[in-house]
Amino acid sequence: MAFTRATGKHRRASRTARTTRNLAGIATLAASGVVASVASPALAATDESAPHDTGLQQAVVMGDELAGRIEAQADAQQAAAEATAARAKAEAEAVRLADAAKKRADEAKKKADEERAAKVRAAREAERKLLNTFVAPVTGSYVSTGYKASSGLWSSGSHTGIDFHAASGTSVHAVGAGTVVEAGWGGAYGNNIVLRMNDGTYTQYGHLSSIGVTVGQSVSRGERIALSGNTGNTTGPHLHFEARTGPDYGSDIDPIAYLRAHGVSV
């Protein structure tokens with residue numbers, strides 16, 4: 001049999017109140033003759049001068065005990081319901097906190113992945129720019145003879161490169177990263193070096209006084225590879241610089257446009 005009561009704080013009724021309710025219940029039983037039948041044997045056995053025991057007191061005690069048991073059962077049921085509700089609330093809160101923590105972790109991971117990808121892209125872009133950015137072959141110099149200048153000094157009738165003003169012994173640098181494909185005597189070019197650049201083009205450095213690299217060697221952008229001089233077909237010390245599409249004579253391209261395309265101001 002289930003018992004329920006209104007929610008909220010409950011206090012057990014006073015003994016007087018419970019007794020009053022019990023008496024009312026017993027009065028109802030007496031009206032139906034139940035209490036009278038219980039009390040009759042007691043009345044028959046007592047003296048008229050003694051207090052009359054109608055059985056009412058016993059009924060009150062029994063009713064009070066029953067009410068106490070009912071109230072205790074109701075209290076236990078209420079406590080169980082409150083404990084169940086508390087557990088459900090705690091479990092729901094734990095689930096909410098776990099979901100929130102997972103969401104924060106996922107967002108943090110996503111942000112970290114995006115930042116990592118951005119750094120990789122930036123590094124690749126910086127590397128690409130570095131590979132495509134050259135330096136001048138002679139620091140602080142200037143072009144003393146331009147590309148395609150006409151003169152009988154050259155077998156082709158015109159200049160196939162540009163000349164940088166440089167006294168003998170001036171450092172000559174690789175304009176960009178590449179591999180040495182020629183290093184030695186080059187006829188009219190005197191001591192010369194030819195590099196195959198990482199972008200597939202070629203650069204030549206002529207009239208050198210000394211060579212500091214060997215064929216097959218890899219060089220980096222701005223690395224010193226030689227010293228300028230006055231060897232080969234020349235009227236004075238300088239650096240002859242050519243840009244080519246291939247390693248051989250005759251594949252020359254405008255070296256000024258080539259250097260400017262790679263970020264060098266000439």
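**Entry 1**

I started at alanine 243, which stands opposite isoleucine 253 in strand β10. Before going on, I noted that this is a predicted model, where local features need pLDDT of at least 70, side-chain atom pairs count only at pLDDT 80 or more, and totals for chains, interfaces and linings use all residues. Residues are numbered from 1 along each chain as its sequence is written, and side-chain values use heavy atoms, with hydrogens and water left out.

For the labels, I took helices (H or I, at least four residues) and strands (E, at least two) as DSSP runs, numbered from the N terminus. Two strands pair if DSSP finds at least two bridges between them.

Next I asked myself which strands are joined to β9 by bridges. Strand β10 (residues 252-253) is joined to β9 by 2 bridges, and the two run antiparallel. Strand β2 (residues 162-165) runs antiparallel to β9 as well, with 4 bridges between them. There I found phenylalanine 164 with leucine 239 as its bridge partner in β9. Strand β6 (residues 202-211) is antiparallel to β9 too, and 5 bridges join them. Tyrosine 202 has arginine 244 as its bridge partner in β9.

Is β9 covered or exposed? I found it mostly covered: 7 of the 7 residues in β9 (residues 238-244) are buried. Here buried means under 20% relative accessible area, exposed over 50%, and partly exposed in between (1.4 Å probe, protein chains only). I then sorted the side chains by direction. His238, His240, Glu242 and Arg244 point one way from β9, while Leu239, Phe241 and Ala243 point the other way, and all are buried.

**Entry 1: serine 228**

I moved on to serine 228, whose place is in strand β8 (residues 224-228). Serine 228 counts as buried, at 0% relative accessibility. What does its side chain reach? I found a polar atom of that side chain 2.6 Å from the backbone oxygen of alanine 167.

I also listed contacts (heavy atoms within 4.5 Å). Leaving out residues up to four places away in sequence, serine 228 touches Ala166, Ala167, Ser168, Gly169, Thr170, Val172, His207, Leu208, Ser209 and His238.

How many salt bridges does the structure hold? I counted 6, taking a salt bridge as a side-chain nitrogen of Lys or Arg within 4 Å of a carboxyl oxygen of Asp or Glu. Side chains of opposite charge can pair when their charged atoms come close.

I looked at aspartate 106 and lysine 102, which form a salt bridge with the closest N and O atoms 3.0 Å apart. Aspartate 106 and lysine 102 are 4 residues apart in helix α3 (residues 56-132), so about one helical turn separates them. Aspartate 106 is partly exposed at 41% relative accessibility, and lysine 102 is exposed at 52%.

Further along I checked aspartate 113 and lysine 109, a salt bridge with its closest N and O atoms 3.0 Å apart. Both lie in helix α3, 4 residues apart, about one turn of the helix. Aspartate 113 is partly exposed, with a relative accessible area of 31%, whereas lysine 109 is exposed at 52%.

Arginine 116 also meets aspartate 113 in a salt bridge, 2.8 Å from N to O. These two lie in helix α3, 3 residues apart, about one turn of the helix, and arginine 116 is partly exposed at 48%. I noted that salt bridges with shared partners join Lys109, Asp113 and Arg116 into one network.

Key: A polar contact is a pair of N or O atoms within 3.5 Å; within protein, one must be able to donate a hydrogen and the other to accept it, and residues adjacent in sequence count only if both atoms are side-chain atoms.
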